[in-house]
Amino acid sequence: MGVGRELLNLVVERIGRKGPLTFAEFMSLALYHPEYGYYMAGVRVGREGDYYTAPAVHPVFGALLAEQIFEMWRLAGGPLAWQIVEYGAGPGWLAGDILEALERHHPDCFAATRYEIVEISSALRAVGERHLRERFGPRVRWNPAPGVRAVEGCVLANELLDALPFHLVRGEPGGRLSELYVGWDGCRLVEVPGPPSTPRLEEYFAAQGVRLAPGRRAEVSLAALDWVAEVARTLVRGYVLILDYGLSAAELYHPDRAGGSLRCFRNHRLHTDPFAAVGEQDITAHVNFSALAARARALGLEVLGPVPQGSFLARLVPLLARKLDLAQDLKARLGLKELIFRMGEAFRVLVLARDVPAAPLTGLQGRR
Ligand SMILES: C[S@@+](CC[C@H](N)C(=O)[O-])C[C@H]1O[C@@H](n2cnc3c(N)ncnc32)[C@H](O)[C@@H]1O
């Protein structure tokens with residue numbers, strides 16, 4: 001029996017036992033079930049996979065982030081012990097590219113750096129361990145009890161938050177909200193509207209002053225807000241660098257986007273049916289940067305941005321261009337073009353800071 005069939009049976013069995021699942025519960029099983037989840041089957045990004053992320057485009061992405069991280073380290077006073085904690089590092093390509101660039105261009109910062117990876121998929125951890133251990137030895141560690149350790153350094157998340165399980169909701173007449181659960185009609189998975197599973201869903205919209213029009217669908221990532229809270233709890237001093245595709249609340253809940261932003265990816269094809277190939281396709285939604293920023297501010301972090309990824313990377317290019325001969329490196333130039341122009345507007349960069357100078361960070365210069 002295929003993995004998809006095993007997983008579907010498991011979802012159906014769970015629905016039979018508990019009743020309809022929240023979409024977030026369904027998504028946790030579909031993407032992260034320890035045996036059959038989509039992310040447990042190994043590398044999913046790149047040409048052979050289902051979609052591209054920036055680290056899969058070209059190592060120049062990691063080299064540019066290394067320039068920004070080096071500057072953060074310098075602004076923090078160049079501490080002798082500095083952590084980079086990357087959440088959702090996948091196969092560890094970005095970690096390798098950042099460490100490589102720091103070692104080559106900023107050896108003092110490299111010497112101070114311990115790179116810690118928090119990755120939920122054991123299969124991806126194993127891929128990362130193979131190439132990073134060999135190259136960087138004990139400088140890289142996996143899954144340091146997150147939420148427990150104090151962090152001084154830079155917390156990094158590239159395309160993590162869009163992949164966290166989210167709730168699905170719909171506006172109803174009279175300003176009410178219904179939640180869209182996942183049920184089974186005897187033949188297939190179906191959406192089942194019901195009352196919200198938690199008061200946090202209504203609070204989420206109230207906090208943003210958003211009222212969903214009747215019939216309007218939206219995704220709510222309480223997990224993304226909980227992640228910000230976890231990071232705020234552990235970050236003693238330093239920065240948080242979040243890169244992801246997403247929008248402000250005003251853009252996300254604009255009447256033109258009434259269908260929501262749920263997207264699925266399989267074999268580089270994009271569609272909107274999360275029940276089509278359970279466990280064999282990625283499921284994502286746009287990040288709500290306004291909600292993240294508000295949560296971070298409420299937790300005492302300074303908020304910088306978000307800015308479009310294109311302008312963020314473009315501002316860092318001159319720092320790297322002095323070290324690399326970009327004029328001679330056609331592949332790096334093509335990579336930059338892809339990262340800055342094709343992915344540059346849809347992806348945004350949000351920086352959070354605690355107890356460190358928040359400006360001037362080169363990637364954010366001219367934008368606040
Ligand atoms: C869309 S992929 C991005 C991978 C990589 N950052 C990149 O840009 O290529 C999302 C990654 O986040 C991981 N992930 C999801 N939830 C997580 C969690 N709660 N803690 C740590 N990693 C998580 C997934 O296993 C997956 O590797």
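**Entry 1: a helix crossing.** I began with helix α4 (residues 60-75) and helix α12 (residues 309-321), whose axes come within 9 Å and cross at roughly 85 degrees. I note that this angle makes α4 roughly perpendicular to α12, because angles of 65 to 115 degrees count as such. The model I am reading is a predicted one. I then looked up the residues at the crossing: Ala63, Leu64, Glu67 and Gln68 of α4 meet Leu313, Leu316, Val317, Leu319 and Leu320 of α12.

**Entry 2: helix α9.** I checked the length of α9, which has 13 residues (222-234). At 1.5 Å a residue α9 should span 18 Å, and its end C-alpha atoms lie 19 Å apart, which agrees. I next asked which residues of α9 are buried. I found Ala224, Leu225, Trp227, Val228 and Val231 to be buried. These residues cover an arc of only 155 degrees around the axis, so they sit on the same side of α9. I recall that an α-helix has 3.6 residues a turn, so residues three or four places apart point the same way. For the partners of the buried residues of α9, I recorded β5 (151-158), β10 (235-247), β14 (287-288) and α11 (289-298).

**Entry 3: an open sheet.** I traced an open sheet of 3 strands, ordered β12-β11-β13, with antiparallel pairing. Its edge strands, β12 (269-271) and β13 (282-284), each pair on one side only. I noted an average twist of 25 degrees from one strand to the next. Strand β11 (residues 263-266) is joined to β13 over 3 bridges in the antiparallel sense. For arginine 263, I found the bridge partner in β13 to be threonine 284.

Conventions
Residues numbered from 1 in each chain as written. Predicted model: local features only at pLDDT ≥ 70, side-chain atom pairs only at ≥ 80, totals over all residues. Pairing = 2+ DSSP bridges. Helix = DSSP H or I, 4+ residues; strand = E, 2+ residues; numbered from the N terminus. Axes fitted to C-alpha atoms, helices over the stretch in contact; angles between N-to-C directions. Expected span 1.5 Å × (residues − 1). Buried ≥ 20, exposed ≤ 12 C-beta atoms within 10 Å, placed from the backbone. Arc of directions from axis to C-beta. Contact = placed C-beta atoms within 7 Å. Parallel < 35°, antiparallel > 145°, perpendicular 65-115°, else oblique.
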